[in-house]
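I opened the notebook to look through one structure, piece by piece. The entries follow the order in which I looked things up.

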Amino acid sequence: MGRYVIRRLLQMIPVFIGATLLIFLMVNVMGDPIAGLCGDRQCDPATATQLRKEFGLDKPVWQQYATYMGNVFTGDFGTAFNGQEVTELMSSAFPVTVRLTIVAVLFEVVIGITLGVVTGLRRGRPVDTGVLLVTLVVISVPTFVTGLLLQLLLGVKWGWISPSVSSEAPFDELIVPGLVLASVSLAYVTRLTRTSIAENRRADYVRTAVAKGLPRRRVITRHLLRNSLIPVVTFIGTDIGALMGGAIVTERIFNIHGVGFQLYQGILRQNTQTVVGFVTVLVLVFLVANLLVDLLYAVLDPRIRYA
Amino acid sequence: MPEQPTPPERPLPSMPPGPHLSGGGRAPEDGAIAATGMGGAMDLATEEGASLRKPLGGPDGTGPQDKPRSLWSDAWRDLRRNPVFIISGLVILFLVVISLWPSLIASGNPLKCDLAKAQEGSQPGHPFGYNGQGCDVYTRTVYGARVSVTVGVCATLGVALLGSVLGGLAGFFGGAWDAVLSRVTDIFFAIPVVLGGLVLLSVVTSSTIWPVIGFMVLLGWPQISRIARGSVITTKQNDYVQAARALGASNSRMMLRHITPNAVAPVIVVATIALGTYISLEATLSFLGVGLKPPTVSWGIDISSASQYIRTAPHALLWPAGALAVTVLAFIMLGDAVRDALDPKLR
């Protein structure tokens, strides 16, 4: 196990460097980091040259990247367009997005797994076909359409929720945005649980449990569910990173001031520091989530041993 | 014949951790990263593609009893009788026709707008009403199909070609090239796709569809490459490939004559479903303001501009959104049906 963790940690290093370098190149080489500083007007050439020198932009790209990464590891993410520290923006944005992600994951767990168990146990019945069809529809409607529709119906037409979220973003205001963020993964979790349950229902240990005369409820919860949830848990684990990165659309629709909002602002205002900083953190979260999930996998399923 | 128990899905104690897929269709040894950044539909696609290459167990796999038919003609027989395939196929055919000749069913000009009629509802001759700028929503929805279908088809072709060539070669030859490619795909999976799109496309000033397609190919090929690699590795272990090798077949002959025809099924399924997700991704990026830009007529742009008038003119949002959803659904259903037809376990 220890050797496996070390191997995985070593594997993560090139992935981390590659992904951040890719983003760094996209922002710094294809865009012009100076352009954003002068607003909508063209920069005065003399000023631009001076700014370039001041920020070290006249140096080769690999050197810029190395300097940036060196600063990041000492906790210095640079400053945003308005002079705020990027770390300050992060400390206000990440809690909001983490709350949104928690709501989304709760929806995935509660609704997704329940529907999956119900359909997996009734494979081929009308309930099963209906839910499967609904999941396909949910998967195929893009998130921003779902979000806008729910905002229109619940927020504007029926007035159940306020159409936009306040800047503190407490949990109760994040319920509908969380549902929107979770919707596609929710449908996928349902399908995954259903397949897993339907396959394991014919397993020997379930037959044994039934033959022992255990009550149906106990067979399902203790024997069937526990074994069927392994792929689901691992999916939800890796999905956490994807949800945090994918919250841009949801946060834009409901005006939530989280990570997606800050990233969007950073991109609009061509603020390289904000964009690269946030993306770096997101990539780290994603990598760590993946590692934890693979370790969890071995804990959940004792038949798997990592050499 | 008694019902065959399904072959064990989970690895047995002696097996390396493997066949079970964690997020985004990934066995743990595949790489450091699961491909979940593309959203649930892509997860669905990779899972369906991966489940196609599971080895057969028991007498189901021992070969045809009656007249031998290829997997493809068998699949085609199944598909012709599948209502889901017929309906989604007809929807896609209709979409292709109206994206080639939109004037067949919409006589107006999508760029002709009359501000005096802004946000008005349905009227004779204008069944979907007008949007916030006074343009006819029906005409714009019909013309929007062209961009969506073009982006979807071009991006899928690019992704499928690049991904299957790179992944297939890596799976066939293995070794250092394979290891390098696996790490490179990990790097691409670590970047959430909408985020990458925002960053990359915000610096592109061109207003054509090609930057969007280029971006999708750039961030989409690792998905197909992972599927193609796995599929080629599974196929390579088959007896007929070993036999061909023993008979002295060259690498290129083995790849083209023996492996490709038998390994291509998962790639086709994943690519079909991916086509739907690319259409949806294009609309999402256009909605965020970095994908396509006006005057291009696109569902994403229309939904984005209609979202400002959502209180007063929701119809301008609902029609393009509905068209988008039906299109994506049609491609996902088609991929689903093709997968079912190609899966010998369901026979």
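Axes are lines fitted to C-alpha atoms, for helices over the stretch in contact, and angles run from 0 to 180 degrees between N-to-C directions. Helices are DSSP runs (H or I, at least four residues), strands are runs of E of at least two, and both are numbered from the N terminus.

I noted that this is a predicted model, in which local features need pLDDT of at least 70, side-chain atom pairs count only at pLDDT 80 or more, and totals for chains, interfaces and linings use all residues. Residues are numbered from 1 along each chain as its sequence is written, and chains are lettered from A and ligands numbered from 1 in the order in which they are written.

**Entry: a helix pair in chain B.** I looked up helix α5 (residues 175-189) and helix α7 (residues 210-236) of chain B, whose axes come within 9 Å and cross at roughly 130°. α5(B) and α7(B) are therefore oblique to each other. On the α5(B) side the contact (C-beta atoms, placed from the backbone, within 7 Å) is made by B:Leu181, B:Thr185, B:Phe188 and B:Phe189. On the α7(B) side I found B:Leu219, B:Pro222, B:Ser225 and B:Arg226.

**Entry: burial.** A residue is buried if 20 or more other C-beta atoms lie within 10 Å of its own, exposed if 12 or fewer, and partly exposed in between; C-beta atoms are placed from the backbone. How many residues of helix α6 (residues 193-202) of chain B are buried? I found 10 of its 10, among them B:Val193, B:Gly196 and B:Ser202. In chain A, buried residues make up 43% of the 307 residues.

**Entry: chain A.** I listed 11 helices and 0 strands. The C-alpha trace spans about 85 × 55 × 30 Å along its principal axes.

UniProt, in an unreviewed entry, places "transmembrane region" at spans of chain A including 174-192 and 275-300; such annotations may be inferred rather than shown by experiment. Residues 174-192 of chain A are 95% helix, with end C-alpha atoms 26 Å apart. Residues 275-300 of chain A are 100% helix, and the end C-alpha atoms lie 37 Å apart.

**Entry: confidence.** pLDDT is the predictor's confidence in each residue, from 0 to 100. Chain A averages 81, and 92% of the residues score at least 70.

Notes:
Angles under 35 degrees count as roughly parallel, over 145 as roughly antiparallel, 65 to 115 as roughly perpendicular and the rest as oblique. Two residues are in contact if their C-beta atoms, placed from the backbone, lie within 7 Å.
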